[in-house]
Amino acid sequence: MRPRAVPNDGGDMTTVVKIMIRVAAFALALTGYMELIVSRWGEEGDANIGAGLLAFLLLAVAGFCWALYDGRRDGIGATVTCWGVVSAVFSLGWLVVMALSEADESMSVKEMIATDAALIPFTFTLVFIPAVIGAAIGNATRSTQSS
């Protein structure tokens with residue numbers, strides 16, 4: 001008889017480390033995307049709706065896929081908690097990074113943060129909702145053995 005499967009406690013990887021890895025991966029991926037794709041896609045200075053929509057799609061798909069994996073491994077509770085924190089930290093961090101990189105004499109960092117603060121719930125939702133769906137599907141497809 002095999003024991004009943006239980007959520008993975010993460011082994012040596014603590015929840016804080018999991019969160020830091022996920023936030024760092026999202027930040028690096030989005031930074032790379034902005035530098036490699038967005039900066040070259042629309043060099044006329046116009047708003048590039050296509051590049052923005054593609055970035056939104058990639059964030060949502062990445063959150064879904066990674067949370068699907070986490071949900072299968074750790075269960076829904078731990079996964080939703082982890083991705084809630086990841087979404088919040090990423091949303092706030094991205095706002096600050098964008099403000100720091102785009103501030104100039106026409107608008108200070110503080111003014112940019114105040115102006116763009118309304119984007120925090122959008123960015124949070126963009127990552128968190130697909131992650132919750134992925135976690136739910138991952139949890140539902142976990143293999144559990146009854147004793």
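Of the 147 residues in the protein, 29% are buried, where buried means under 20% relative accessible area, exposed means over 50% and partly exposed lies in between, with a 1.4 Å probe and protein chains only. The model is predicted, with local features needing pLDDT of at least 70 and side-chain atom pairs counting only at pLDDT 80 or more, while totals for chains, interfaces and linings use all residues. Residues are numbered from 1 along each chain as its sequence is written, and side-chain values use heavy atoms, with hydrogens and water left out.

**Exercise 1. Determine which secondary structure elements the protein has, and in what order they run.**

Begin with the count, which is five helices and zero strands; helices (H or I, at least four residues) and strands (E, at least two) are DSSP runs numbered from the N terminus. The order from the N terminus is then α-α-α-α-α. As a last step, take the contacts, meaning heavy atoms within 4.5 Å: among those between residues at least 6 apart in sequence, 77% join residues at least 24 apart.

**Exercise 2. Describe how α2 packs against α5.**

Start with the geometry: the axes of α2 (residues 49-74) and α5 (residues 119-140) come within 7 Å and cross at roughly 35 degrees, the axes being lines fitted to C-alpha atoms, for helices over the stretch in contact, with angles from 0 to 180 degrees between N-to-C directions. The crossing of α2 with α5 is right-handed, a term used if the near helix is turned clockwise from the far one by less than a right angle, anticlockwise being left-handed. Next, list the residues that meet: those of α2 include Phe56, Gly63, Phe64 and Arg72, and those of α5 include Phe122, Pro130, Gly134 and Asn139. Finally, sort this contact by class, which gives 13 nonpolar, five polar and one charged residues; Ala, Val, Leu, Ile, Met, Phe, Trp, Tyr, Cys and Pro count as nonpolar, Asp, Glu, Lys and Arg as charged, and the others, Gly among them, as polar.

**Exercise 3. Explain why α3 is called oblique to α4.**

First, note that α3 (residues 76-102) and α4 (residues 109-116) pack at an angle of about 135 degrees, with their axes 9 Å apart. That angle makes α3 oblique to α4, because angles under 35 degrees count as roughly parallel, over 145 as roughly antiparallel, 65 to 115 as roughly perpendicular and the rest as oblique. The helix α3 passes α4 in a right-handed crossing. The contact itself is made by Leu95, Val96, Ala99, Leu100 and Glu102 of α3 with Val109, Met112, Ile113 and Asp116 of α4, and these residues divide into seven nonpolar, no polar and two charged.
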